[in-house]
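Work through the exercises below with the model open. Try each task before reading its solution.

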Amino acid sequence: MTDSFLTISGFRKTFGSIVAVEDVSLNIPKGEFLTFLGPSGSGKSTTLYAVAGFDDPSAGDISIDGRSILATPPHKRNIGMVFQRYTLFPHLPVGENIAFPLRVRGHSAADIAKTVKAMLSLVRLEGFEDRLPAQLSGGQQQRVALARALAYDPPVLLMDEPLSALDKKLREEIQVEIRRIHQETGVTILYVTHDQEEALRLSDRIAVFNHGRIEQVGSGEDLYARPATRFVAGFIGDSNFLKVREVERRGSAASAILPDGTRIENIPAHAGNGHAATPELMVRPQSLKFVQGSGAGLAVKVKDVTFLGDTSSVLLETGWGQEIWLRGAGSAVKTNALSGPLHVEWNPADSHLFC
Ligand SMILES: Nc1ncnc2c1ncn2[C@@H]1O[C@H](COP(=O)(O)OP(=O)(O)O)[C@@H](O)[C@H]1O
Ligand SMILES: [Mg+2]
């Protein structure tokens, strides 16, 4: 499983004086669904386009099955691609759009007819052969683009924000389709998005991009439970970053003293997060609990309660005036009990110290 099929090593890309990608290395096993997640401008597309061959790296290598593909022109790399904007040929009907890469490769008419049918069935658009792209919805057009990209059975499929032009409901529908197609075909997918929910829903692993570097690679669960950096902690899931007055390290654990003097003991000390300017303690809203009785925990005031159906979100203010969120099951957050001075607590093992 750890065998790398698609390997990116020391990839760097500059445009004049602009550094688009500082240094990216990744080992991607065959059949993996790996997502590049990160804010706009963090280098996701630049890295993807280098794999596609649209642009040469300034440094580094990209290989498939142990062989560098840098000298191979894009059309010979055998890599499927789906972009954000619709890239279907507007004057060609759906069937011909899907047939196009097969015609270019000189497949027989019988083979093309058979493949077009199979691809339309794969993306659930049976019977749409003769429609023109303009007669399809945005979601249907992206399905055709997906069918066309997969028609010649490429071992690698690249997708650059393919759903970002669609509304939320349609996006979620096609996410389910993309997952199914990945499972059915076993194609290795590199997928770009800036939407963490989409990344979590689709991916086997996620590479979190920031300023032209990968901050962490792991399953959604890894990134959520064990964020390696403050950036990852803030980007995946909801988080509170409590101010910290003082940190005491003791081997593999640490204590944090909050601005009001509250001491939090036994925080697991992470390796490699030693570059925050000011120390902060991250704790997820759903890890916070109200303390029954009084005394222990962090003193807070309730500022607002939002009922969200299954859960409620409570906006709290700490003694030093910082706003933090608590999220709990609707039944555990009884609005009428939320008055007077309250205390919250959490399992220190569920908090992360960035210092
Ligand atoms: N052709 C180019 N010329 C100059 N700068 C570019 C070019 N392509 C990308 N960049 C810059 O490189 C950085 C990374 O871009 P990109 O990879 O497109 O980010 P992302 O896909 O994560 O939004 C950005 O600052 C962007 O402006
Ligand atoms: Mg991009």
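The exercises cover aromatic pairs, charges over rings and the ligand shell.

This is a predicted model: local features need pLDDT of at least 70, side-chain atom pairs count only at pLDDT 80 or more, and totals for chains, interfaces and linings use all residues. Residues are numbered from 1 along each chain as its sequence is written, chains are lettered from A and ligands numbered from 1 in the order in which they are written, and side-chain values use heavy atoms, without hydrogens and water.

**Exercise 1.** Classify the aromatic pair of Tyr 49 and Phe 83.

*Solution.* Start with the rule. Rings of Phe, Tyr and Trp (its six-membered ring) pair if their centres lie within 6.5 Å; planes under 30 degrees apart are stacked, over 60 edge-to-face, and the rest tilted. The count by this rule is eight aromatic pairs. For Tyr 49 and Phe 83, the centres are 6.2 Å apart and the planes make 55 degrees, so the pair is tilted.

Helices (H or I, at least four residues) and strands (E, at least two) are DSSP runs, numbered from the N terminus. Tyr 49 is in helix 1 (residues 44–52) and Phe 83 in the loop between strand 6 (79–82) and helix 2 (94–104), so the pair ties together parts 34 residues apart in sequence.

Then check burial: buried is under 20% relative accessible area, exposed over 50%, partly exposed in between (1.4 Å probe, protein chains only). Tyr 49, at 24%, is partly exposed. Phe 83, at 16%, is buried.

**Exercise 2.** How is the pair of Phe 231 and Phe 235 arranged?

*Solution.* The pair is stacked, at 5.3 Å centre to centre and 20 degrees between the planes. Both residues lie in helix 8 (residues 230–235), four residues apart, so about one helical turn separates them.

**Exercise 3.** Which ring does the charged end of Arg 105 sit over?

*Solution.* Apply the test: NZ of Lys or CZ of Arg within 6 Å of the ring centre and within 35 degrees of the ring normal. Arg 105 sits over Tyr 152, 3.6 Å from the ring centre. Lys 30 lies over the face of Phe 5, at 4.0 Å.
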